[in-house]
Amino acid sequence: MAGHSKWANIKRQKARVDAKKGQVFARLSRAIIVAARHGLPDPDANFQLRSAIEKAKAAGIPNENIDRAIAKGSGQWGQDGDDWEEIRYEGYGPGGVAVLIEAMTDNRNRTAADLRSAFSKQSGNLGETGCVSWMFNQMGVVTLQSPPPEEALLELLLEVGASSYEFFATEATAEVYTEVNQLDTVAQTLKQTGCLVENAELRWIPQSTVTLEDPETAQQFVRLMEALEDLDDVQTVTANAELDQDWIEASDSLNFKG
C-alpha cells in the first residue's frame, strides 16, 4: 500500500531494548485506564480496552496491575485516572517530515514543554493543531506472525474485507489494513481462520512520504523519534519519513539485528 511510513518497519528491525520497564508499564496502564473510562469495563464488549489489555500482558504487566487499572478507569478505585486525557500533538521534524504524536497526560503544559524541547533539539518544531494531521489517515492495523503464503493471504483478506496488506517475508510477518470500524471484526475473523494475530491497533498512515537522503538529516530524525518515544506522556509517534536504504544498512546507530 503506497504511502506507508517505514518508521514502524525500522523500529521492528532494531535490536534496541527498552530498559525503562517502569515507563512502559505506566504507559500501558494509562491506556487501560482511559479505555475503561470511555467504554464498558468489560474487555469482551470494549475493543479499545481489550487491545490495551493484550498489549499490557504481552509486556509482562501482572494481572493485578491490569485489574487495578481497569478499576481506576471505571471509577471503582477512588479518583485515580480522572485527570488523564488523550491529546494529539503535531509538528515538523528534520527535512520537513510531518510528525503526529498521541499523548496521555494529566498536565498539558508539562507535555507541551517536553515535546517542544525534543523537537527544537533536533531541528524540528512543535506546530499548531491541524498543521500535519491532514497528511494522515487513521486505519486499523492487524499484525500477523508467520502468515500464510502471500497468495493465500491475499485470498483470505478479500474474504474478510481488509483494505490492503503489506507482506514482510524476511521477518515472517504481515500487516493487514482495515477501516477503523472494521478493525475488531477483521482481527477476530483472522484469529478464527487460524492466523496468529500479534497485535490489532489504530494507526495513523501517511498519504505520502518524504525520503531523507541526507545522512545528517536522517540521523537527526531518528534521534527526534527516539526522544519523543522516550517521553513519559507519549503513547504513539508517527511520521511520514522514508530513510535511504543504504544509510539504514550502514548506520550503526540503528543497531540492526545482524
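Visitor: At the start of helix 5, which backbone nitrogen does a side-chain oxygen of Asn107 reach to?
Guide: That of Asn109, to within 3.1 Å. Bear in mind that this is a predicted model.

Visitor: Which residues in helix 5 are buried?
Guide: Thr111, Ala112, Leu115, Ala118 and Phe119. Looking down the axis of helix 5, the buried residues fall within an arc of 130 degrees, so they line one face of the helix.

Visitor: And which are exposed on the other side?
Guide: Asn109, Ser120 and Lys121.

Visitor: What covers the buried residues of helix 5?
Guide: The cover includes strand 1 (85–92), strand 2 (98–105), strand 3 (125–126), helix 8 (215–229) and strand 9 (234–239).

Visitor: Switching topic: where does Asp233 lie?
Guide: In the loop between helix 8 and strand 9.

Visitor: Is Asp233 buried or exposed?
Guide: Buried, because its relative accessibility is 5% and the cut-off for buried is under 20%.

Visitor: Which side chain does the side chain of Asp233 make a polar contact with?
Guide: That of Arg110, at 2.9 Å. Leaving aside neighbours within four places in sequence, Asp233 is also in contact with residues including Arg30, Trp84, Glu102 and Thr111.

Definitions and conventions. Residues are numbered from 1 along each chain as its sequence is written. This is a predicted model: local features need pLDDT of at least 70, side-chain atom pairs count only at pLDDT 80 or more; totals for chains, interfaces and linings use all residues. Side-chain values use heavy atoms; hydrogens and water are left out. Buried means under 20% relative accessible area, exposed over 50%, partly exposed in between (1.4 Å probe, protein chains only). Helices (H or I, at least four residues) and strands (E, at least two) are DSSP runs, numbered from the N terminus. The arc is that of the directions from the helix axis to the C-beta atoms. Contact means heavy atoms within 4.5 Å. A polar contact is a pair of N or O atoms within 3.5 Å; within protein, one must be able to donate a hydrogen and the other to accept it, and residues adjacent in sequence count only if both atoms are side-chain atoms.
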